[in-house]
Amino acid sequence: MKPLKNTVVFLFFLAVILAAPFAARAETKGVEHGKRYDRLVVRNVVLIDGKGTPARGPVDVVVEGNRIAAVVGADKRAGAYKNEAHIIDGAGMYLLPGLINSHIHLHDERAGRPQPFEYEHKIYLSCGVTTVRDVGTDPKKALAERRKSQEGSIVAPRIYVYLVAGGRTPEEARKSVRAIKEQGADGVKLFGMDRDIMAAVTDEATKLGLKVAHHIGVEEIDARDAAEFGVDTIEHWYGIPDAALKGSQNFPPSYNYNNESDRFRWAGRLWREADPDKLEDVLEEMVEKGVGWIPTFSTYEACRDMTRARNLPWFREYLHPALEAYFAPSPERHGAFSWGWSTEDEIAWKENYRIWMKAVRDFADMGGVVGAGDDAGFIYTLYGFTYLSELELLQEAGFHPLDVIQCATGNNAKLMGLENELGRVRAGYLADLILVDENPLANLKYLYPTGVLDIKDGKAVTRGGIKWTIKDGIVYETPRLMREVREMVANAR
């Protein structure tokens with residue numbers, strides 16, 4: 001064989017190899033924003049599933065109504081699917097299960113100013129979040145938004161509602177749980193409470209089949225108690241290092257837990273006081289009792305660098321003025337503690353994160369289930385964007401990007417008892433999907449709807465961003481949702 005011929009053959013096979021991950025481009029047709037179809041085909045995508053396995057593809061995904069009907073190898077034949085009325089061409093794109101946010105609060109006001117639910121809903125969808133777990137909103141409002149989302153009468157993620165339980169006596173606490181069940185809520189949210197009250201709440205919730213999410217405060221209860229009583233998830237991290245202390249934390253005599261500045265400043269010094277051996281025992285007990293952990297790293301990220309937090313780039317176009325007003329330092333509002341924040345405070349919190357992240361990584365290595373949530377709307381955190389920051393922080397904590405995606409999808413579904421319906425791209429599962437035009441395993445920043453700045457041919461370009469979000473079979477063009485959010489913010493200003 002002549003050298004030229006060898007070269008031609010080599011180049012031919014090289015082209016085939018490089019093109020192998022993606023089938024030939026198809027045509028997107030018959031797809032409109034905000035519509036659900038009897039049958040929709042998403043073609044030629046590389047699949048990143050929610051079970052922690054490597055990407056594979058290209059595949060075709062068939063959606064019928066609001067369910068995934070089939071996931072098959074891409075049909076590369078000429079004229080394939082020519083009789084289909086509704087097709088999304090996914091060539092060059094990556095398909096993931098819709099992201100699940102396990103810790104949100106639905107806000108229709110901030111700092112006494114109106115802020116429409118629509119604003120929060122559309123940002124979450126733009127950031128790929130198709131399911132949220134609301135933990136502690138006004139019951140009537142939360143349940144009404146859940147109903148409208150189920151009906152498809154509003155543009156919103158799938159909503160699950162956990163209502164706050166409690167009472168002055170164990171019997172009052174049990175009655176509150178029964179009332180939550182009667183209202184049709186999906187679970188129970190616990191804040192700080194005494195042992196006998198908590199024992200009654202968790203016992204009643206277990207009897208009624210309600211999941212329990214626990215925000216432990218600096219209180220009588222710690223993570224060992226939560227595990228003993230059978231909570232399903234511990235939110236944030238309160239109660240975990242507390243259970244590993246030798247006595248009480250070394251608070252100054254002037255400390256007041258109801259003073260937000262005191263509370264957050266000294267929270268930043270807690271993890272260093274936890275005994276490592278005792279902490280390992282606490283984590284092992286949580287794993288043994290099946291307690292999941294929603295760390296919400298992103299909720300407190302401002303504490304590491306307050307100046308950066310106040311000046312995030314997406315605030316310029318997407319920060320609603322009501323939320324901006326809420327962020328302003330004030331002793332009257334939860335999480336608005338940033339006045340007088342010092343270099344020493346930030347150094348303490350950076351050390352806090354180092355130990356905390358190692359604990360979450362150790363917990364996962366022991367077999368514990370870690371989920372993802374953002375608790376946005378406080379401390380300079382913006383819905384959706386902060387959730388994507390949470391994914392980056394999980395990677396910083398030592399999770400491989402595949403495991404990060406699993407935390408955000410399959411793990412969250414499991415913690416909510418929805419692992420047979422959500423968190424996977426699998427036949428029979430609900431059709432919650434997102435399409436990204438760059439590989440998020442290479443850079444999780446590609447998930448941000450604002451994309452990633454790059455240089456091509458000497459010119460600045462934007463790469464990445466979720467292009468399509470499909471929730472319950474309803475197709476949304478993410479750039480259009482983001483445009484609507486920008487308009488909402490501009491009008492409010």
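**Figure 1. Contacts and overall dimensions of the protein.** Among contacts between residues at least 6 apart in sequence, 74% join residues at least 24 apart. The model shown is predicted. It contains 15 helices and 20 strands. A compact globule of 493 residues would have a radius of gyration near 23 Å, and the protein agrees with this because its own value is 24 Å. Taken along the principal axes, the box filled by the C-alpha atoms is roughly 85 × 50 × 50 Å. Of the 493 residues, 57% count as buried.

Figure 2. Helix 7 covers residues 260-267. Seven of its eight residues are buried, so the helix is largely enclosed by the rest of the structure. The buried residues are E260, S261, D262, R263, F264, R265 and A267. These buried residues of helix 7 pack against helix 12. At the start of helix 7, the backbone nitrogen of S261 has a side-chain oxygen of N259 within 2.9 Å.

**Figure 3. Close-up of E260.** E260 is in helix 7. Its relative accessible area is 12%, and E260 therefore counts as buried, the limit being under 20%. What does the side chain of E260 meet through polar atoms? It makes a polar contact of 3.0 Å with the side chain of H334. A polar atom of the E260 side chain also lies 2.6 Å from the backbone nitrogen of G335. With neighbours within four places in sequence left aside, the residues in contact with E260 are R333, H334, G335 and F337.

Figure 4. Y383 lies in the loop between helix 12 (343-365) and helix 13 (385-396). Is Y383 buried or exposed? Its relative accessibility is 0%, so Y383 counts as buried. The side chain of Y383 makes a polar contact with the side chain of H107, at 2.9 Å. Which residues are in contact with Y383, leaving aside its neighbours within four places in sequence? They are H105, H107, R110, Q115, Y119, E120, I123, Y124, L323, D374, A376 and G377. I123 is 260 residues from Y383 along the chain, yet the C-alpha atoms of the two are separated by 6.5 Å.

**Figure 5. The largest cavity.** Rolling a probe the size of a water molecule over the atoms shows where empty space is left. The structure holds two cavities of 30 Å³ or more. The largest cavity contains about 90 Å³ of space. Its lining is formed by V218, W237, Y238, D242, Q249, F251, Y255, Y257, R263, W266, A267 and L270. Nine of these lining residues are nonpolar, one is polar and two are charged. Two of the lining residues, R263 and A267, are also among the buried residues of helix 7.

**Figure 6. The second largest cavity.** About 40 Å³ of space lies in this second cavity. Which residues line the second largest cavity? They are Y326, F327, G335, A336, F337, S338, I379 and Y380. By class, this lining has six nonpolar residues, two polar residues and no charged residues. G335 and F337 are among the lining residues, and both are also in contact with E260.

Methods:
Residues are numbered from 1 along each chain as its sequence is written. This is a predicted model: local features need pLDDT of at least 70, side-chain atom pairs count only at pLDDT 80 or more; totals for chains, interfaces and linings use all residues. Side-chain values use heavy atoms; hydrogens and water are left out. On a 1 Å grid over the protein atoms alone, a cavity is a set of points where a 1.4 Å probe fits but cannot get out, and a pocket is an open set with protein on both sides within 12 Å along at least five of seven lines; lining residues have an atom within 4 Å of a point. Grid points are joined across faces, edges and corners, and a volume is the space filled by probe spheres set on the points. Ala, Val, Leu, Ile, Met, Phe, Trp, Tyr, Cys and Pro count as nonpolar, Asp, Glu, Lys and Arg as charged, and the others, Gly among them, as polar. Helices (H or I, at least four residues) and strands (E, at least two) are DSSP runs, numbered from the N terminus. Buried means under 20% relative accessible area, exposed over 50%, partly exposed in between (1.4 Å probe, protein chains only). A polar contact is a pair of N or O atoms within 3.5 Å; within protein, one must be able to donate a hydrogen and the other to accept it, and residues adjacent in sequence count only if both atoms are side-chain atoms. Contact means heavy atoms within 4.5 Å. The radius of gyration is taken over C-alpha atoms; the globule rule is 2.2 Å times the number of residues to the power 0.38.
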